[in-house]
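Work through the following exercises with the sequence and the model at hand. Each task is followed by a stepwise solution.

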Amino acid sequence: MVTLGDYLFVSGMLFTIGFAGVMLRRNIIIIFMALEMMLNAANLSLVAFSRFHLAPNGGPNYNAQVFLFFIITVAAAEVAVGLAIIVALYRLRQTTHVEDINSLKF
Amino acid sequence: MPPFLFWVFASLMLIFGAAVIINRNPVASALSLVVCFLGLAALFISLGAFFIGIIQVLVYAGAVMVLFLFIIMLLDLRVEKPRRINWIAFGGGLIVALCFFIQLLTVIGRFKPASQSFPPLAASTADDVHSIGALLFSNYNLPFQIIGVLVLVATVGVVVLSKRELR
């Protein structure tokens with residue numbers, strides 16, 4: 001049988017891959033994709049808990065799924081704004097490599 | 001869902017997730033991310049969350065990834081030229097990620113309900129769109145309106161950011 005721990009393990013693994021992508025990659029678009037992966041990993045554990053902790057009527061706990069709906073909406077808005085910022089940055093500096101953007105570096 | 005299918009979709013998702021950060025070509029990364037999200041949608045459906053699974057395919061694998069591919073096309077990104085890698089930063093990042101993963105495994109290992117399988121559902125999940133919609137427009141009506149304002153703000157912000165001259 002698939003247990004709750006299996007889903008949490010897979011979700012943690014996906015989060016770690018996204019985290020490693022943010023830490024290791026230097027291309028700003030890849031970093032942004034890795035951020036999306038981390039958001040989705042959190043979503044997976046949320047759905048697993050919604051299925052595990054049943055509502056009083058015996059169905060899954062739909063509060064978590066409504067919360068997930070909000071997370072997906074916010075993430076979509078975030079992607080739109082973030083990509084617009086990346087395009088504006090590219091227009092200004094002609095680069096997507098984060099090490100070339102070091103004006104604020106101490 | 002049989003355990004066999006769970007592991008198939010989970011490993012599909014993790015392999016293509018790793019491919020996202022390994023590929024040097026941004027287009028290949030974006031397409032790997034699409035497959036990763038499709039595997040994730042399959043896992044959502046295996047948990048009985050049909051509506052969320054469909055939304056995942058439509059919004060993430062569809063809209064968001066098309067947006068990513070458009071931006072990659074507009075910026076005309078090619079395969080990255082190999083640069084001198086800062087090995088200290090690279091090793092540091094790898095160690096931090098590994099520490100985080102070990103910490104996560106410890107927490108899941110100590111979490112008692114993690115070894116239990118899922119309880120059987122008493123009610124049918126076939127009408128989960130109905131249940132989510134009823135909840136969204138009753139208990140969560142105010143957050144729903146606020147999300148609408150957020151999407152409007154994001155739209156206006158994108159238009160302002162994309163103007164040719166920022167004043």
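**Exercise 1.** Determine what share of the residues in chain B is buried.

*Solution.* Count a residue as buried if 20 or more other C-beta atoms, placed from the backbone, lie within 10 Å of its own. The model is a predicted one, in which local features need pLDDT of at least 70 and side-chain atom pairs pLDDT 80 or more, while totals for chains, interfaces and linings use all residues. Residues are numbered from 1 along each chain as its sequence is written, and chains are lettered from A and ligands numbered from 1 in the order in which they are written.

**Exercise 2.** Describe the fold elements and overall dimensions of chain B.

*Solution.* First, assign helices as DSSP runs of H or I with at least four residues, and strands as runs of E with at least two, numbered from the N terminus. Chain B then has six helices and zero strands. Next, take the radius of gyration over C-alpha atoms: chain B has 21 Å, whereas a compact globule of 167 residues would have one near 15 Å, by the rule of 2.2 Å times the number of residues to the power 0.38. Finally, along the principal axes, the C-alpha atoms occupy a box of roughly 55 × 40 × 25 Å.

**Exercise 3.** Which helix of chain B gives the most residues to the side that touches chain A?

*Solution.* Define contact as C-beta atoms, placed from the backbone, within 7 Å. Chain B contributes 69 residues and chain A 60 residues. On the chain B side, α3(B) gives the most, with 12 residues.

Terms used. Two residues are in contact if their C-beta atoms, placed from the backbone, lie within 7 Å. A residue is buried if 20 or more other C-beta atoms lie within 10 Å of its own, exposed if 12 or fewer, and partly exposed in between; C-beta atoms are placed from the backbone.
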